[in-house]
Amino acid sequence: MSGAADMNRNRALDWALVAYIVLAYAFVFAPIAASFVFSFNSDRFPSIPLGEFSLDWYRAIATDPLVWEGARNTLMVGVIVGVVSTLLGFGAAYTDYRYKFAGKQVYLALALLPPTIPVIILGLAMLAYLSRVNLSGNALSVIISHVVVCAPFAMAIIRLRLSQMDPALEPAAWNLGASEWMAMRHVIVPFCAPAILGALFITMAVSFDEFAVAWFVSGLNETLPVKVLGFLQGQVSPRINAIGTFVFILSMTLVILAQLLLSGRGAKSAERE
Amino acid sequence: MRRPISLYGLTFSLPLLIWQVLFFVFPLVFLVALSFWTVKNFVMRPDFDTVNWTTMYGRTVFWQAYGTTLALAAAASVLTSVLAFPAAYAVAFKLSDTSRRWAVFLMVIPFFTSYLVRVYSWQTFLSDNGIINVILSWIGLGPFVMLNTVGATMIGYLTLSFPLVVLLQLFSLVFIDRTLIEAAHNMRCGRLRTVFEVVIPSARTGLVIAALFCFILSFGDFVSPVYLGGGEPTTLSILITDTTKSGQQWPRAAVIALTMIGTLMVVAFVAVKFAYKGKSK
C-alpha cells in the first residue's frame, strides 16, 4: 500500500474485512474438513459429539468389490482422458499461438466452450448421440465425453505457457536450418513441458471428479463418482466420506504436482515481464 | 507465421476440431433432431413431429419448474456475488502479495474435491440431529428444519460457485488501476463511495462474468436441489433426469434441455453485452 492509501486507512474496517475472509474460507472448507474428520468416525449418522476413531468406513470400501471396480474404471478413464485431452489441447493451443486463419473464432469457440454447457445437458446429448452410434454404456463413452470437457482446460493451460515464449524463438530455429518438425521437437515441446505435464494432471483430476456426464453415459461401467452418487441415492452412508477423502488426496497430489511444475522454472521468467 | 495450410499445421489443429465436431457439435445438433422424434411402446422412432414440444410446453409442471429454476439461479447469482465481493475485495486490497497467493491457492482446492462429497457433508451439518442443530441446542435453541429446504439448496449452489466467483472477482479487482482509487481518496471521496463509484464500475466486466458463471452452474445443477432441497420444488434439471432415467422419454428430455440452452444463451448474451458496454475491447 502506498502513502496516499495509508492516510485513508481504518484499522477496525481492515480487521473486519480480514475476519470476513476467514469466515468465507471457513464456509468453503467446512464441508471438506467435516468429510475428512467423519471418515474416521464410527457413527452411522455422523454428528457431534464425535464417536470413536475408526477405520470401519475405509474397511467397508476396501472390501467392496464394486468400489474397486469403480476405482479401476475411474483410474483407467482418467489416465486415458488426461493423455488424449492434453494432446488435443496442445494442438489447439499451438494452432492458436501460431496461425491466423478464417474461422479462427469458431475454432476457438469449439476449443473452449464445452465446459460452459451444463453437464446435465451434455450428459443427455451424449447419451442420446452415443447410443445412436452404438458407443454408449461403456468406459469408452465416458472417455469420449470427458475429453470433450477436459481438452479445453488443457488448451487454456498450454496456451498460457506459449504466450510466455519469445515469439522470435521458433523463427530463429528455422533460420538456423531446423525444419518445422525439428523446431517443434527441440524448441516448442521442451519449452511447454511443464505446462504439458500440468495439463495432464489437471485434466486427470477433472475426470476423476466428474459424475454427471459419466452417470448418463457409463451404463454398467460406473466410475467412482457415479458410485458415490449411487450411495447418495440409496442408503446414505459415511462411506462417501471415506471415498471422498481418498479421491481428494489423489486429486490434490496431482494438483500440487501440476502447481510445482507450472510455477517452477517457467513462471519466474514470466513474472519479470 | 504466414505459410498457409500444410501437413504440419493440420497435424496440430485438426485432431481437436474433428473431436469437438464429432462429439460436441453433433450430439447437440442431434438433440434438436431428437426433440422431434416420437416414442411408441417405449421405442423411439425418427420422425418429424412437434408433439414433444406441444406436450411439454402445454404442461403447468414444466412452466412451474422453469420459473423456479430461473428464480433460484438468479437468486443464487445475486447472493453469491454479494457474499463473495467483500472477500474478493479484502483479498485484493488488504492482503500482502504472499498471503494473496496463498488465498488464491486455497480457493482453487475446492475445484478438486468432489462436489457430491461436499453436498453429502452439508447434510451432516444441516440435518435435524446435525452439527448446527446440536450446537444450537447447547444454547437452548432449535431444533430447526434446515435440510430439504430452499435455503439448503442455496447453500448447495453457494458451495458450487462461491470459489469460482471469488476468484473471478479477485482477478478483475487486482487489475484495477490503483491510482484511480488513490485519486478518489485524494479528492475526499469516502471509502464506501469509492467502492461503489470507482471500484465496482472499474471491475464491472469481471463481476458480471462471475455472476453469469454462477447463473449457468446453478441453472443446470441437479445435485443441490435433490440432495439438499429434497427435490422440492422441482427444477428443470430434476425434470430432465426424471424424464431421461424413467422410461424412454428422451425426446421430451431433449425439449427441456434445448429450452435450457436457449435460456442460457439469452442470459449469457445480455450479461456479456452489459459486461462490455461502453468498452472498446
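This report walks through the salt bridges, the chain contact and the cysteines of a predicted model.

**Salt bridges**

Counted over all chains, there are 9 salt bridges.

| Pair | N to O distance |
|---|---|
| Asp56(A) and Arg59(A) | 3.1 Å |
| Arg159(A) and Asp96(A) | 2.6 Å |
| Lys227(A) and Glu222(A) | 3.1 Å |
| Lys94(B) and Asp14(A) | 3.0 Å |

Let's start with a local one. Asp56(A) and Arg59(A) sit in helix H3 of chain A, which covers residues 56-62, and they are 3 residues apart, or about one turn of the helix. Asp56(A) has 39% relative accessibility, so it counts as partly exposed.

Lys227(A) and Glu222(A) are another bridged pair in chain A. Are the two partners buried or partly exposed? Lys227(A) comes out at 10% relative accessibility and is therefore buried, since the cut-off for that label is under 20%. Glu222(A), at 25%, counts as partly exposed.

**Around Asp96(A)**

Now for a bridge with a longer reach along the sequence. The side chains of Arg159(A) and Asp96(A) meet with N and O 2.6 Å apart. How do the two ends compare in accessibility? Arg159(A) is at 22% and counts as partly exposed, while Asp96(A) is at 15% and counts as buried.

**Where chain B meets chain A**

Next up is the contact between the chains. It draws on 90 residues from chain B and 89 residues from chain A. Together the two chains bury about 8200 Å², and 78% of that area is on carbon and sulfur atoms.

How many salt bridges cross this interface? The rule finds 1 between chain B and chain A. Lys94(B) and Asp14(A) form a salt bridge, with their closest N and O atoms 3.0 Å apart. Counting polar contacts instead gives 13 residue pairs between chain B and chain A, with both residues at pLDDT 80 or more. On the side of chain B that touches chain A, helix H1 (residues 7-34) of chain B supplies the largest share, at 21 residues. The make-up of that side of chain B is 64 nonpolar, 19 polar and 7 charged residues.

**Cysteines**

The structure holds 0 disulfides over all chains. Cys189(B) has a relative accessible area of 12%, so it is buried. Cys214(B) is at 0% and therefore counts as buried.

Methods:
Residues numbered from 1 in each chain as written. Chains lettered and ligands numbered in written order. Predicted model: local features only at pLDDT ≥ 70, side-chain atom pairs only at ≥ 80, totals over all residues. Heavy atoms only, no water. Salt bridge = Lys/Arg side-chain N within 4 Å of Asp/Glu carboxyl O. Helix = DSSP H or I, 4+ residues; strand = E, 2+ residues; numbered from the N terminus. Buried < 20%, exposed > 50% of the residue type's maximum accessible area, 1.4 Å probe, protein only. Contact = heavy atoms within 4.5 Å. Buried area = accessible area lost by both parts, 1.4 Å probe. Polar contact = N/O pair within 3.5 Å; in protein donor to acceptor, adjacent residues only side chain to side chain. Nonpolar A, V, L, I, M, F, W, Y, C, P; charged D, E, K, R; others polar. Disulfide = S-S within 2.5 Å.
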